[in-house]
Amino acid sequence: MRELLTIGAFARAARLSPKALRLYDELGLLPPAAVDGDSGYRFYGPEQLERARLIAWLRRLGMPLTRIRHVCDLPAETAAEEIAGYWEQFLAETAARGRLANFLVDYLTGRGSSVDDSATMLGIRYVARSESGLVRTSNEDTAYAGPRLLAVADGVRGGAGDLASATVIEALKPLEALAMPAEDLLGALADAVDDADAEIGTIAAASSDGEAVTTLTALLWSGSHLALVHIGDTRAYRLRDGELSQITHDHTFVQSLIDEGRLTPDEAASHPQRSLLVRALTGTGGTHPDLSLHQAAAGDRYLLCSDGLSAVVPAASLQKVLTEEDGPQQALDELIAQAYAAGAPDNIACVVADVVPLDAADAVRNIPSR
């Protein structure tokens, strides 16, 4: 008969508390090797120490128990990739919270710009379009542009990706009608996305494969301030003074390799897993988008798009089109034309918006692109 350890001895060896071991047993994460039928005492085998120590290490990383159970059941190499993906997500979320904290510190101490937009008269001219790729039989991409909200979402094929992308944008639209100061923008966006994620969970439960997944990139305006919410590989770009900047960070496996210095951007473009997402809205409530606040300026031009555009039209071409085309409609039409010229292997969602100064009449009406 093999030697078993009491729960106390096993807890000391694994550097876990008996209370934690009882919880892991209840969750099915680390059941004991045997339980005394009379006393109910738990006994563990020495071979369980490796799993127990892995659980303890992952808990120190802050990983949720449900994800730890998933990681522990994976082969070692796959588990390592899962842990790397979790840490990349953690760092991105921490950086986003850090930017928000810095903004709030500056605001509360008077070092930042005032959030009183009463004297700011800026608006946007905007246009949105979603088209099917040349080899696609369905379109899961959704694009939307309104006087205060710009958004693109790319639903993952299979299951109910089209419903997921439409649902998350519909959840954001009511924010356009709410008057709110700049400091409330990020909280309002976060709450709306949480509500949408819950709806996506309901959609997933009713889908044929139990999944409904979408990315999201959206901008919400208040005066000269705009709040950005982003998750996945849809993107937002800003053209300012002729310089094009990507203001979102892709949540993909290949981007994590680039961040770690294991892959160059050129290598990433042809990587077989370049579309593999490490963060997206899945209806589980387990992942959260990046949130950041930005200052807009008259003359800015913004591009939001799915990877159906950014993956086939180089950044230099994006910059050229956005710089040379006069209005949002002309720029958008040319961008989609270039995506089709490149073969359009994926669906395309695209929004282009120009930041313009408003007069008193414009301030009370919508100004879509003409």
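**Ser224 and Gln295**

I began with the side chains of Ser224 and Gln295, which a polar contact of 2.8 Å joins. The model is a predicted one, and I read every value below as computed from it. I placed Ser224 in the loop between strand 7 and strand 8 (225-231). Is Ser224 buried or exposed? Its relative accessibility is 5%, so I noted Ser224 as buried.

**Aromatic pairs**

Next I looked up ring pairs. The count came to 2 aromatic pairs. In one of them, Phe10 and Tyr44, the ring centres are 4.5 Å apart and the planes stand at 10°, so I wrote this pair down as stacked. Phe10 sits in helix 1 (residues 7-14) and Tyr44 in strand 3, so the pair ties together parts 34 residues apart in sequence. I checked burial for both. Phe10 has 0% relative accessibility and counts as buried. Tyr44 also has 0% and counts as buried.

I then turned to Trp221 and Tyr302. Their ring centres are 5.8 Å apart with planes at 90°, so this pair is edge-to-face. Trp221 belongs to strand 7 (residues 216-222) and Tyr302 to strand 12 (residues 301-305), so the pair ties together parts 81 residues apart in sequence. Trp221 is buried at 5% relative accessibility. Tyr302 is buried too, with a relative accessible area of 0%.

**Helix 1**

Phe10 sent me back to helix 1. Which residues of helix 1 are buried? I listed Ile7, Phe10, Ala11 and Ala14. Looking down the axis of helix 1, I found these buried residues within an arc of 100°, so they line one face of the helix. What covers them? The cover includes strand 1, helix 2 (18-26), strand 3 and helix 3 (49-60). Just after helix 1, I noted a positive phi of about 60° at Arg15.

**The sheet with strand 3**

Strand 3 had come up with Tyr44, and I looked up its sheet. I found an open sheet of 3 strands in the order 1-3-2, with antiparallel pairing. Strand 1 (5-6) and strand 2 (34-35) are the edge strands, each pairing on one side only. Strand 1 and strand 3 (residues 42-44) run antiparallel and are joined by 2 bridges. Which residue of strand 3 stands opposite Thr6? I found Phe43 there.

**Salt bridges**

Last, charged side chains. The count came to 12 salt bridges. I followed some of them.

Asp290 forms a salt bridge with Arg279, and the closest N and O atoms are 3.2 Å apart. I placed Asp290 in strand 11 (residues 290-295) and Arg279 in the loop between helix 9 (265-269) and strand 11, so the pair ties together parts 11 residues apart in sequence. Both Asp290 and Arg279 are buried.

Glu131 and Arg129 form another salt bridge, with the closest N and O atoms 2.8 Å apart. Glu131 is partly exposed at 25% relative accessibility. Arg129 is partly exposed as well, with a relative accessible area of 26%. I traced a network of salt bridges here, linking Arg129, Glu131 and Asp333.

In helix 11 (residues 315-324), Glu324 and Lys320 are 4 residues apart, which means a separation of about one helical turn. Their side chains meet in a salt bridge of 3.1 Å, N to O. Is Glu324 buried or exposed? I read a relative accessible area of 51%, so Glu324 goes down as exposed.

Technical notes. Residues are numbered from 1 along each chain as its sequence is written. This is a predicted model: local features need pLDDT of at least 70, side-chain atom pairs count only at pLDDT 80 or more; totals for chains, interfaces and linings use all residues. Side-chain values use heavy atoms; hydrogens and water are left out. Two strands pair if DSSP finds at least two bridges between them. Rings of Phe, Tyr and Trp (its six-membered ring) pair if their centres lie within 6.5 Å; planes under 30 degrees apart count as stacked, over 60 as edge-to-face and the rest as tilted. Buried means under 20% relative accessible area, exposed over 50%, partly exposed in between (1.4 Å probe, protein chains only). A polar contact is a pair of N or O atoms within 3.5 Å; within protein, one must be able to donate a hydrogen and the other to accept it, and residues adjacent in sequence count only if both atoms are side-chain atoms. The arc is that of the directions from the helix axis to the C-beta atoms. Contact means heavy atoms within 4.5 Å. A salt bridge is a side-chain nitrogen of Lys or Arg within 4 Å of a carboxyl oxygen of Asp or Glu.
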